[in-house]
Amino acid sequence: MHAMENEAQFKEVSGENSAPAIIVSNLVKSFGPQRVLDGISFEVRRGETLAILGRSGTGKSVTLRILVGLEPPDEGNASVLGVDMNGASAREIDDARKQMGFLFQHAALYDSLTVAENVAFPLVHHRRDLNAQQRTDRVHELLAEVGLEGHGKKMPSDISGGMQKRVGLARALALDPVVLLLDEPTAGLDPISSAEIDQLVMKLQKEYNLASIVVTHDMVSARTIATRIALMDEGKIVIEGSYEELQQSKERIVMEFLQRDLEQV
Ligand SMILES: Nc1ncnc2c1ncn2[C@@H]1O[C@H](COP(=O)(O)OP(=O)(O)OP(=O)(O)O)[C@@H](O)[C@H]1O
């Protein structure tokens, strides 16, 4: 895409009634004989959170990797802020990535860096315009946003799993993203810490007016934070809609996930 058109698209997605910030259309992806994605399509606008639910191994993480441009699809495409994440130039993809915050399942914090240094990391690399004081101020602001004021000097190994997720969220927001991608943000947390992370995600979602995708196994979490829920099974989206719409479904897999929700409450 031409740079000017690209800029226009960036502006367009930031307005009200805007074009979708994320457009995924007909993604197909196989690994050897295994067809992991079999025609996945969805859109997410600013102000929306799409929860992608599904059993293990249904291709949720692969979908996110394609969206970030880390994995090419066999067919279809994924565009973020008007940039085809697997077909645009490296520079355009890089520019789009700077508008995206990620909290990936196994993307741990840097163990040898303090909490504050972890949060500062994207600023050091991508905001050369900030001087040291401005960077420190921004890190304080981000730590306050996620409820971790006063914890900046701690090492990741000295804080709880829930706090580590908060640090990851602060780091994901450092560059003021438009898009936020969260892969299992509550995995491994107890129900109280999970609920706290859900509340925090909702607060940040509102403040930053994000277009968010949250991959999760957790229907309680999906129901709390998502504007829409997409349930994936065997490489397809079986259903996409509000929690109430899912409740109307007679599909077995949908009913199974809803049943699990009831068991968790
Ligand atoms: N690089 C790869 N090479 C081969 N197979 C892969 C690769 N990446 C993913 N897969 C396979 O694709 C399938 C989907 O993986 P994916 O990680 O997207 O699942 P998921 O829905 O995110 O599951 P989970 O909830 O367990 O993370 C799995 O069977 C996985 O083994």
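This is a predicted model: local features need pLDDT of at least 70, side-chain atom pairs count only at pLDDT 80 or more; totals for chains, interfaces and linings use all residues.

For background, most residues other than glycine have a negative phi.

Next, jump to Asn26. Here is another residue other than glycine with a positive phi, near 50 degrees. Asn26 sits in strand 1. Asn26 counts as partly exposed, because it has 13 C-beta neighbours inside 10 Å.

While you're there, colour the sheet. Strand 1 covers residues 22-31 and runs antiparallel to strand 2, with eight bridges joining the two. To see one of the pairings, select Val24 along with Phe42, its bridge partner in strand 2. Now zoom out: the open sheet has four strands in the order 2-1-4-5, and the pairing is antiparallel. At the edges are strand 2 (34-44) and strand 5 (83-84), each of which pairs on one side only.

Now bring up helix 2, residues 60-68. Helix 2 lies across strand 1, strand 2 and strand 4 (75-80), and runs at about 120 degrees to strand 1.

Helix 2 also takes you to the ligand. Which element gives the largest share of the shell around the ligand? Helix 2 does, with three residues. To show the whole shell, select Phe31, Val36, Gly54, Ser56, Gly57, Thr58, Gly59, Lys60, Ser61 and Val62. Colour the shell by class and you get six polar, three nonpolar and one charged residues.

Last stop, the interior. In soluble globular proteins, nonpolar side chains tend to be buried together. The largest nonpolar core in this model has 66 residues, and Val80, Val119, Ala170 and Val179 have the most contacts inside it. Pick Ala170 and look at what surrounds it. Leaving out residues up to four places away in sequence, Ala170 touches Val119, Leu142, Leu143, Glu145, Val146 and Leu148.

Methods:
Residues are numbered from 1 along each chain as its sequence is written. Two strands pair if DSSP finds at least two bridges between them. Two residues are in contact if their C-beta atoms, placed from the backbone, lie within 7 Å. Axes are lines fitted to C-alpha atoms, for helices over the stretch in contact, and angles run from 0 to 180 degrees between N-to-C directions. A residue is buried if 20 or more other C-beta atoms lie within 10 Å of its own, exposed if 12 or fewer, and partly exposed in between; C-beta atoms are placed from the backbone. A residue is near a molecule or strand if its C-beta atom, placed from the backbone, lies within 6 Å of it. Ala, Val, Leu, Ile, Met, Phe, Trp, Tyr, Cys and Pro count as nonpolar, Asp, Glu, Lys and Arg as charged, and the others, Gly among them, as polar. A nonpolar core is a set of buried Ala, Val, Leu, Ile, Met, Phe, Trp, Tyr and Cys residues joined through C-beta atoms within 7 Å.
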